[in-house]
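Let's work through a few exercises together, one step at a time. Keep the structure open beside you as you read.

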Amino acid sequence: MEKIVIRGGVPLSGSVTISAAKNAVLPIVAATILCDEPVVLENCPQISDITFCLKILSSMGADIRMLSKNKVRFDTRSLRIPKVPYEMATAFRASSYFLGALLGRFHEAHVAMPGGCDLGDRPIDQHLKAFTALGAENTLDGGEVSLYADKLIGSLVYFDMNSVGATINAILAAVKADGYTVLENCAKEPHVVDVANFLNSMGAEIMGAGTDTIKIKGVKYLKGVEYSVIPDQIEAGTYMVAAAMTGGDIIVKNVIPKHLESIIVALRKIGVTVEEFDDSVRVYTTGDLRNTKIRTMAHPGFPTDMQPQISTLLTLAKGTSIVTEEIFDSRFAYAKELRRMGANINVNGKAVCIEGVDKLSGAPVNASDLRAGAALVIAGLAAEGTTEIGNIHFIERGYENIVEKFSGLGANIKLVHTIDYSDNEIKKNA
Ligand code: UD1
C-alpha cells in the first residue's frame, strides 16, 4: 500500500509543466478504434486511467506500442472483439467511451455500466438516447450494456442536460454514420473540442464543437495522424490553488490561459494574483485570502472538477465562504477529512459553508475520489506538521507524477510504501 506523506508549510516556488488533459486523452484513445490507419499520440500522460484504456484496447486485439515515455502508437485495425472485459469497464467512468467508439466501427458494442469516482448518481441515459437516435438498440443484461445497429443513420439528438460524456459518445457513434447528425444542447468543455479536432484531423467532418450545436457529416474513412492533446485545465488549476494556499509564487507552464478563465476569475476574487502569458501563468499572493461565493457550472462556468481544491483554499480565507455544487449530487466527501486538519467546513445540502481559520494542521486522511485526493494534497502542503494521505490510487488516476512535480516546486512530499495489516496477504502468510 502507498501513501503520500507531506511535511507542510513550504511556500511553493519555481515552475511546473502541465500534462495532457485526462478528460481529452481518454476519449481520444477510445476514438482510435474508429481510425482506419495507425495513430500516434505524442503526449499520453502516465496515469492509471490511461493504463486501463490501453489494456482494454489490447484485450480487444489492438496493437499498442510505447514509442517513448509519453508517445504511444495505436493500430486498431487488428481489433476484432467489440467487448470490454467486465472488470475493466467498471473500474472507471471513461470506459463508457468504448460504447460510442465500438458502435461507430462495428455497429455493435458490449461494455459494462461504467464505474469511476463516486460523485452521486451518474446515469448514462443521455448516451443511450443518442445511440438510439442513430438507430442502435440497447439492452442491459448482467450489468453489461449491449448495442446493436444494422446501420447507423445520422439523426437529430437533443440532450436533456449538458453532458460531457454523452456529447463525446454521440460524436464517436455519429462520425462514420450515414448522412448528417445534429446534436443540440451539447457540452462545450475544451476536451469536447479537442476530441472533435482529433477526429477532424483524421478526416472527420464535425462542425460547431465548443458551441451548443454540433453538426456531423458522416465519413467512410479516417486516416492516421500524429496528434498532441491539449493541456489539462484541472491539473493546472490544482497547482495554481496549491501555490496560492502555500503563499508561494510559481509559473505553471504548458497551459491554454483561455481554458483557465473561470479558475483565474475565482482566484482573483479570493485575492490571488494571476499573470497570464501565451502558454503559461504566474500565480502568487501578496496579502490575506478573501472569502467568496462560488458555484460550479458547465463550461465556461467554474468546473466541478476544481470544487474540492477551491473549497480547500477557502478554508484559509478570512470570513465565510459558500461553495455550491451544481453538477453532481454528492461531491463533498473531502470535507470531513479537512475537518480532521482543523478546517471549519460544513456540508449543507448542495453547498459547503466554510469559516476561514488561521491554519490547518497535518493529520492522517484518506482520499475518497480523484479531485478530493488532490484537495487533500493541497491542504497537506499548506498545513503545519505532517499529513499522510491514503487511498492514493484515486489521485494516480488523473495526476501524472504528482509527487515529483510538487517536489520540483520545493515541497517536502514523498511516496511511502506501508504495510496494510488488514491485508489478505498477511492473513495468507500467517
Ligand atoms: C465528465 C468528466 C468529469 C467531470 C464531468 C463534468 C470524464 C471522464 N469525466 O464526467 O471529470 O467532472 O464531466 O464536467 O471526462 N448526466 C445524466 N445522464 C447522462 C449523463 C450525465 O443525468 O446520461 C448528468 C450527470 O449525473 C451529472 C451531469 O449530467 O449530473 C454532468 O455529467 P457529465 O458531463 O456527463 O459528466 P461525465 O461525462 O460523467
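**Exercise 1.** Decide whether phenylalanine 52 is buried, partly exposed or exposed, and do likewise for phenylalanine 92.

*Solution.* Keep in mind that you are looking at a predicted model. Start with phenylalanine 52, which has a relative accessible area of 31%. Buried means under 20% and exposed means over 50%, with partly exposed in between. Phenylalanine 52 is therefore partly exposed. Phenylalanine 92 has 0% relative accessibility, so it counts as buried.

**Exercise 2.** Find out how many aromatic pairs the whole structure holds, then classify the one formed by phenylalanine 52 and phenylalanine 92.

*Solution.* A search of the whole structure gives four aromatic pairs. For phenylalanine 52 and phenylalanine 92, the ring centres are 5.5 Å apart and the planes make an angle of 25°. Planes under 30 degrees apart count as stacked, so this pair is stacked.

Phenylalanine 198 lies in helix H7 (residues 190–201) and tyrosine 227 in strand E13 (residues 226–227), so parts that are 29 residues apart in sequence are tied together. Both phenylalanine 198 and tyrosine 227 are buried.

**Exercise 3.** Which strands stand at the edges of the open sheet of four strands, and why is one side of each left without a neighbour?

*Solution.* Write down the strand order first: E21-E22-E1-E23, with mixed pairing. Strand E21 (364–366) and strand E23 (412–417) are at the edges; each has a single partner strand, so one of its sides lacks a neighbour in the sheet. On average, neighbouring strands are turned by 25° against each other, direction ignored. Then look at one pairing: strand E1 (residues 2–7) and strand E22 (residues 386–390) are antiparallel over four bridges. Arginine 7 has threonine 386 in E22 as its bridge partner.

**Exercise 4.** Which residues touch the most other members of the largest nonpolar core?

*Solution.* This core has 80 residues, and the ones you want are Leu57, Phe98, Phe198 and Leu199. Take leucine 57 as an example: leaving out residues up to four places away in sequence, its contacts include Val29, Ile33, Phe74 and Phe98. There is also a second, separate core of 69 residues, with Ile4, Leu289, Tyr334 and Ile413 among them. In soluble globular proteins, nonpolar side chains tend to be buried together.

**Exercise 5.** Where is glutamate 400 found, and is it buried or exposed?

*Solution.* Glutamate 400 is in the loop between helix H13 (393–396) and helix H14 (402–408). Its relative accessibility is 8%, so glutamate 400 counts as buried. Now compare sequence with space: glutamate 400 and serine 48 are 352 residues apart in sequence, but 8.9 Å apart from C-alpha to C-alpha. Beyond four places away in sequence, glutamate 400 touches residues including Ser19, Cys44, Asn70 and Glu235.

Notes: Residues are numbered from 1 along each chain as its sequence is written. This is a predicted model: local features need pLDDT of at least 70, side-chain atom pairs count only at pLDDT 80 or more; totals for chains, interfaces and linings use all residues. Side-chain values use heavy atoms; hydrogens and water are left out. Rings of Phe, Tyr and Trp (its six-membered ring) pair if their centres lie within 6.5 Å; planes under 30 degrees apart count as stacked, over 60 as edge-to-face and the rest as tilted. Buried means under 20% relative accessible area, exposed over 50%, partly exposed in between (1.4 Å probe, protein chains only). Helices (H or I, at least four residues) and strands (E, at least two) are DSSP runs, numbered from the N terminus. Two strands pair if DSSP finds at least two bridges between them. Axes are lines fitted to C-alpha atoms, for helices over the stretch in contact, and angles run from 0 to 180 degrees between N-to-C directions. A nonpolar core is a set of buried Ala, Val, Leu, Ile, Met, Phe, Trp, Tyr and Cys residues joined through side-chain atoms within 4.5 Å. Contact means heavy atoms within 4.5 Å.
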